[in-house]
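Dear colleague,

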Amino acid sequence: MLACSTATASAPQASSESRHRWTVEEVLALYDLPLMDLIWRAQAVHREHFDANAIQRSTLLSVKTGGCSEDCGYCSQSARYQTDTERERLMPIDEVVAAAQAAKAKGASRFCMGAAWRGPKDGDLDKVLEMVREVKALGMQTCVTLGMLKDGQAGKLKEAGLDYYNHNLDTDKEFYGQVIKSHTHDDRIDTLEQVRDAGINVCSGGIIGMGESRKNRAALIVQLANLPKAPESVPINNLVPIPGTPMANNPRLDPFEFVRTIAAARIAMPGSWVRLSAGRQEMSDELQALCFLAGANSMFYGENLLTTSNPAMERDDALFARLGLKAV
Ligand code: SAM
Ligand code: DTB
Ligand code: SF4
């Protein structure tokens, strides 16, 4: 055990032989550590599993925007709220490939395509399969986030060469119904099972700053860490409040609580890539450095997320140079 661990925060680390099943109390005990002890511990775990100076970079593209049937209370793309997001049809394949080529040229290793669907219809899925094949042919890793999958769809994505499927648990099962009523936390788990069974890497994380408690945040981490296999990639999004949604006026979470969440995710999922996701635009360079120190080792690279903005690539490049980070 590491020197700074306390009796209340000394849950065993995961090993390939017998994985530790985390409890909410154990993760809450991590959150309760003095921040310096928590970061020190997270950084030590991080260094056991990763090169601490390497950050994976994915570029996102919204290939189908807005008009979504679902009622996710944070989302600019739900048809249920009056937001500034314009509805757009599924993008033509050549435009998607051109965007992927540009992302590759700028140094992104993975290209993530997002669609505002409850789930893909089979005809739409066929078009996405073609996008996956073409982006894969560029030599990039591929990722899609299309909502809930029906039987057989994950297998088709795998065949097309999909590397990662993003599908966030988003929040604690207990809090989920206060954010989303049009589908359930169990529906999300069901899709994650289909993705896992098809042999696709799982990308699943959540959003914080939605009015959940610290206990809800700890429970989300437990629900992710205790999946039959921890997700390979864990995006941690800070809520971007969208005018017109029920969360438009949510108060901003204490940035140190965000750092604590990154650190707790790193310790509970030592072998996963923890992604510093939405909300980075509003973060100072110093806060981002603290997130990397707490174990974040992945991020979205490119001017836009799906409908909101992300730091300019030049700003990220300068940050990498100042911190001595390398992109992988
Ligand atoms: N429709 C699909 C789904 O729900 O999985 C894919 C797209 S959805 C926009 C992808 C993820 O973006 C959500 O699960 C959520 O974690 C994140 N997200 C959406 N709006 C956000 C916001 N305003 N702030 C932070 N994260 C957000
Ligand atoms: C994830 O966890 N975050 C990304 C990606 N997966 C698809 C999306 C963030 C969206 C932020 C709000 C927007 O741009 O609409
Ligand atoms: Fe639709 Fe996904 Fe937005 Fe929910 S998060 S409204 S499912 S696009």
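A patch is made of residues with over 30% relative accessible area and no salt bridge, like charges being joined within 9 Å. Salt bridge here means a side-chain nitrogen of Lys or Arg within 4 Å of a carboxyl oxygen of Asp or Glu. Asp and Glu count as negative, and the charge is placed at CG of Asp or CD of Glu. Areas come from the Shrake-Rupley method with a 1.4 Å probe.

This is a predicted model, in which local features need pLDDT of at least 70 and side-chain atom pairs count only at pLDDT 80 or more. Residues are numbered from 1 along each chain, and side-chain values use heavy atoms, without hydrogens and water.

On the surface, Asp-151, Asp-190, Glu-193 and Asp-197 form a patch of negative charge. Asp-197 is exposed (over 50% relative accessible area; buried is under 20%, partly exposed in between), with a value of 68%.

The salt bridges number 16. In one of them, Arg-214 pairs with Asp-32, with 2.9 Å between the closest N and O atoms. This pair links helix α8 to helix α1 (helices being DSSP runs of H or I, at least four residues), across 182 residues. Arg-214 is partly exposed at 26%, whereas Asp-32 is exposed at 54%. Both belong to a salt-bridge network that also includes Glu-212, Arg-217 and Glu-257.

A further salt bridge joins Asp-285 and Arg-315 at 3.1 Å. Asp-285 is buried at 18%, and Arg-315 is partly exposed at 27%.

Yours sincerely

Conventions. Chains are lettered from A and ligands numbered from 1 in the order in which they are written. Patches are made of residues with over 30% relative accessible area and no salt bridge: like charges are joined within 9 Å, nonpolar side chains (Val, Leu, Ile, Met, Phe, Trp, Tyr) within 5 Å. Buried means under 20% relative accessible area, exposed over 50%, partly exposed in between (1.4 Å probe, protein chains only). Helices (H or I, at least four residues) and strands (E, at least two) are DSSP runs, numbered from the N terminus.
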